[in-house]
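Colleague: I am new to this structure and would be grateful for a guided introduction. May we look at it together?

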Amino acid sequence: MSAPVSRRPDPVSRLGAGGLGGVRAGVELWLVLIGTIAGIVRMFRRGAARPKGAIVEQMWVIGNRSLLFVAVTLGFIGMVMIYQACLQFSRAIGDLSQVGTQFIRLIVSDFGPTLTAMMLATRVGAGIAAEIGSMKVTEQVDALRMSGVLPIDYLLVPRFLASVVMTVALAIVGAAIMYAAGGLTAYLSFGVNPRIFYDLQMVEGKHLILGLLKAVSYGAAIPVVSGFCGLRARGSSEGVGWATTAAVVGSSFAVIALDFALSVGALWLLGGDL
Amino acid sequence: MLGERSITSLGARAVAVSRELGGITILFAQVLRALVPPRLDGRELVRNLYKMGNRSVPIVALTAFFAGGLMVVQSAPFVKRLDATSLAGWAAGYAVLREIGPILIALMFSGRVGANNTAELGTMTVTEQLDGLRALAIDPIRYLIVPRVLAMLIMLVCLTVIGDLVALIGAAVVAKAVLGIEWGIMYASFTENLKPHDFLHGVYKSMAFGTAIAVTSCYFGVTVRGGAVGVGRAVNAAVVAAAVSIMLLDFFLTYVNA
């Protein structure tokens, strides 16, 4: 007697299939990252094929067109954070003179780049995946490959370079807006003197280096993860939708995981002096 | 002239934003109207609850774990300088329960469930399945939209509760691993300094976030134009709109409910 054929596979094989799928996706993601780096090297050595002015155009799309979005969201979250912090400090310690100095330290070394990148992961990540995914399902990516152009060189390298530059720039703008909005809230709601709030004595070079390092790594991670999701799109409009979803989740998660890794690394290297 | 052109584009943008805001408001009103005698497809609701809630638990738990750990790492220099280990749980727990937990979980939920919902409804719209439903005299609002809105609202609240717990566990694990703070001290720090009000503050917020994500994602889904490219663009617009509304709602709720 043969065993009954079940339509649903048993848990063990489902787990195995999931694991295999995860490993395969990891390998592909790694290949996209390596391909992008190789594409940059090729571009600098002999000017690889890419549309004219692509980097500038992508910088405009990724950077300038996200400016309002980043400014609005980071401004509001800066106000909320200072409001909650002042509320708590005034209950527990009763002294609000430390709030500003601690806030700018946290903004420079963490919140500025990380929250900017979270916002960019939704906007830019979804955009890159939707664009590349649409090209994939309408077979434009295959057409590129047929004409002897590597799709990663042509599509992903300009986005990668533009995203690295623009994430750093937007992180600086976002951090400044967050700081300004926070100081305004502290002044209007809790009467904290702006001269005491806007005090940069806690910020040192290492905070700045950590913040910039974070911004650069998020700026690199977002286009690689979203490009990978876009290039995996299958089917038609449904596949593009799936790819976009996966890009938003994947790049947001990459930002959080990188933030965690870099923060723990910095804490471990510098100890309590951070 | 540059000035004239930029004013024109500013005006066009303002009109486009107003049109979308109006569309979202009308859709929200239609959903509320459909709920008045609560007649909705129960099987569709259960299917959406499972798909949107249960399947999101892993990514939400992972995000929350890292978020809780991050808050401890960020407060570590302050805690070490003051040598006040009992403050670590207070700082991390307060930040997680009131702000970081609900916001990060809502952003992840918007990316996973909201975007997926837009893609699904968008695909149905471009393949004219919504018109098919209307031709069969089935109201798409009642059949498709209302179960999704309810499912997202309920499930975001549940996921935030789970996520808060996981984030506090993550904070305790990282505190033990990185700062060497014992479990008992962390537990005491949580229980002494965190009030039920802090937890409820986050839960109220997640209700508002869930409604906002649901209505915006459905709106951008049913108004898709133009095939596969249009679906991609709609998903992009939906996640951006959801992120902005999460931040704005967070701001207003913090002031109202502080």
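Modeller: This is a predicted model, in which local features need pLDDT of at least 70, side-chain atom pairs count only at pLDDT 80 or more, and totals for chains, interfaces and linings use all residues. Residues are numbered from 1 along each chain as its sequence is written, while chains are lettered from A and ligands numbered from 1 in the order in which they are written.

Colleague: Which residues have the most contacts inside the largest nonpolar core?

Modeller: A nonpolar core is a set of buried Ala, Val, Leu, Ile, Met, Phe, Trp, Tyr and Cys residues joined through C-beta atoms within 7 Å. A residue is buried if 20 or more other C-beta atoms, placed from the backbone, lie within 10 Å of its own. The largest such core has 165 residues, and those with the most contacts inside it are Ala67(B), Met71(B), Val96(B) and Ala171(B).

Colleague: With which residues is Met71(B) in contact, leaving aside its neighbours within four places in sequence?

Modeller: Two residues are in contact if their C-beta atoms, placed from the backbone, lie within 7 Å. On that basis, the partners of Met71(B) beyond those neighbours are Ala91(B), Ala92(B), Ala95(B), Val96(B), Ile100(B) and Ala171(B).

Colleague: Which element gives the largest share of the side of chain A that touches chain B?

Modeller: The contact takes 48 residues from chain A and 46 residues from chain B. Helices are DSSP runs (H or I, at least four residues), numbered from the N terminus. Helices H3 (67-92), H4 (99-137) and H9 (237-270) of chain A each give two or more residues to that side. The largest share, 18 residues, comes from H9(A).

Note on methods
Buried ≥ 20, exposed ≤ 12 C-beta atoms within 10 Å, placed from the backbone.
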